[in-house]
4 protein chains.
Amino acid sequence: MTDITLTQAQTVVAAALAKAEEAGTLMNIAVVDAGGNLKAFARMDGAWLGSIDIAQKKARTARFFNMESGAIGELSQPGGSLFNIEVSNGGLITFPGGIPLEVGGEIIGAIGVSGDTVENDRAVALAGTEAL
Amino acid sequence: MTDITLTQAQTVVAAALAKAEEAGTLMNIAVVDAGGNLKAFARMDGAWLGSIDIAQKKARTARFFNMESGAIGELSQPGGSLFNIEVSNGGLITFPGGIPLEVGGEIIGAIGVSGDTVENDRAVALAGTEAL
Amino acid sequence: MTDITLTQAQTVVAAALAKAEEAGTLMNIAVVDAGGNLKAFARMDGAWLGSIDIAQKKARTARFFNMESGAIGELSQPGGSLFNIEVSNGGLITFPGGIPLEVGGEIIGAIGVSGDTVENDRAVALAGTEAL
Amino acid sequence: MTDITLTQAQTVVAAALAKAEEAGTLMNIAVVDAGGNLKAFARMDGAWLGSIDIAQKKARTARFFNMESGAIGELSQPGGSLFNIEVSNGGLITFPGGIPLEVGGEIIGAIGVSGDTVENDRAVALAGTEAL
């Protein structure tokens, strides 16, 4: 198992911060490692306090299932095959903003972003993933 | 109360692992006893980390109510008679993959499987139950 | 980071079970991976229910700090440098019975054993580590 | 209330990382804001997984009571006036390594460091505070 380095994690956070500033949004940005454990975090000045936990849960959710957090949310709706999966693992966040981090086809961690609309959250997370 | 033995639980896990390998899936497999307490567990290499907890919750859910986890999920939808029962008991998982383990008409525990689609999860769990 | 395989984890559990049977004790045995996540578990028939959680917490504690759980307990006593560290990480167990699992000088996970005196718990855990 | 900025928090983390590297230790470094909420975090490669939570709890403990975490630990011993205060607030860590962050006589947040002996943890945290 290849694990993300702190240098890689800080590069991801910096790229996400740059994207958030460009977009004029205030974000919480979390990076977890291959084991789902917190590696780096940054909260922009004035960003929502409630998003500290959500950003981390998005990142963990993406790593826990090796897919975007929003992909799980599509299956966890009423009538869906994973209804209420969110109560597991101490709380999952299954709307967009969590994306696995890959290098050379291997998942080495994940990023989670929260602070604005889920579209903006995901765009900032995506910018983070592209920095690797 | 007849309770599952470790030998039985390991037989169930081994049968589920064999089925998972045959199906080419990566699973987390949990067996709980008649009291709903963890008896045996195995996570295949590369299986989802988020499924560690879900496999255990599926097994407990099946034993807590002596029916398949998915049967509860049919009643816990919006408007259903058990809406949001998932928040009880420290978190239930009510989609398929949890099945009671019976011997001689008596429930002695349950198996919970998580790691792929709910259809595959249930098929692997079913293979586990058939080993008894 | 090298991670423990399921085959390795099951070998460790089997060796610990053999040692427990030889010693005439009833044990809960947990193995966590390099990320501190549950990999394999077995509870012997009649073993303490309260030790299900303790065995897992001992294993996590050993991996969380890359040392035996009991080594932390020596520092967490009243007046010690790590007094009450046990309230962190959702609960640590700092008496003996948790030991890191090493291969080639690298820690790939940990074993935690609970069910008897801490001396016996540790002896069974040690037998597990020696199987690698 | 004057609150720490992300730029200040990142400066504190960078100074602590530099001190940790100089000292040859592997640390988890957390900075919380004036409200006690996580602002920035970094885990060095190979640093203890169990210290992710402890670093954050040290920082919060220092801000919650506007004093070093270790100062509370002196009062929380058996027979002391704050015996077992550690069980409050979802878990406090009251040994050294958490220090308030002050600017112009006003506390704007706190740093928490964990990963080595409490003496080294505190030395790295102190280096972080001196960067402001």
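Asn84(A) has a relative accessibility of 13% and so counts as buried (buried is under 20% relative accessible area, exposed over 50%, partly exposed in between, with a 1.4 Å probe and protein chains only). This is a predicted model, in which local features need pLDDT of at least 70 and side-chain atom pairs count only at pLDDT 80 or more, while totals for chains, interfaces and linings use all residues. Residues are numbered from 1 along each chain as its sequence is written, chains are lettered from A and ligands numbered from 1 in the order in which they are written, and side-chain values use heavy atoms, with hydrogens and water left out.

Asn84(A) sits in the loop between α3 (69-73) and β3 (98-103) of chain A. Most residues other than glycine have a negative phi. The phi of Asn84(A) is positive, near 65°. Asn66(D) also has a positive phi, near 55°, and lies in the loop between α2 (51-65) and α3 (69-73) of chain D. With a relative accessible area of 41%, Asn66(D) is partly exposed.

Chain A has four helices and four strands, in the order α-β-β-α-α-β-β-α along the sequence. These are DSSP runs numbered from the N terminus: helices are H or I of at least four residues, strands E of at least two. Of the 132 residues of chain A, 58% count as buried. The C-alpha atoms of chain A fill a box of roughly 40 × 35 × 20 Å along the principal axes. Among contacts (heavy atoms within 4.5 Å) in chain A between residues at least 6 apart in sequence, 63% join residues at least 24 apart.

| Pair | RMSD | Turn | Shift along the axis |
|---|---|---|---|
| Chain D on chain C | 0.1 Å | 91° | 0.2 Å |
| Chain D on chain A | 0.1 Å | 179° | 0.2 Å |

Chain D laid on chain C turns by 91°. These two copies are thus related as by a four-fold rotation axis. They use different surfaces, as 11% of the contact residues of chain D recur in chain C.

Chain D laid on chain A turns by 179°, which is the relation of a two-fold axis. In chain D, the C-alpha nearest that axis belongs to Phe41(D), 2.4 Å from it. Chains D and A meet through the same surface, because 100% of the interface residues of chain D are also interface residues in chain A.

How values were computed. Copies are superposed by least squares on the C-alpha atoms of residues with pLDDT of at least 70 in both.
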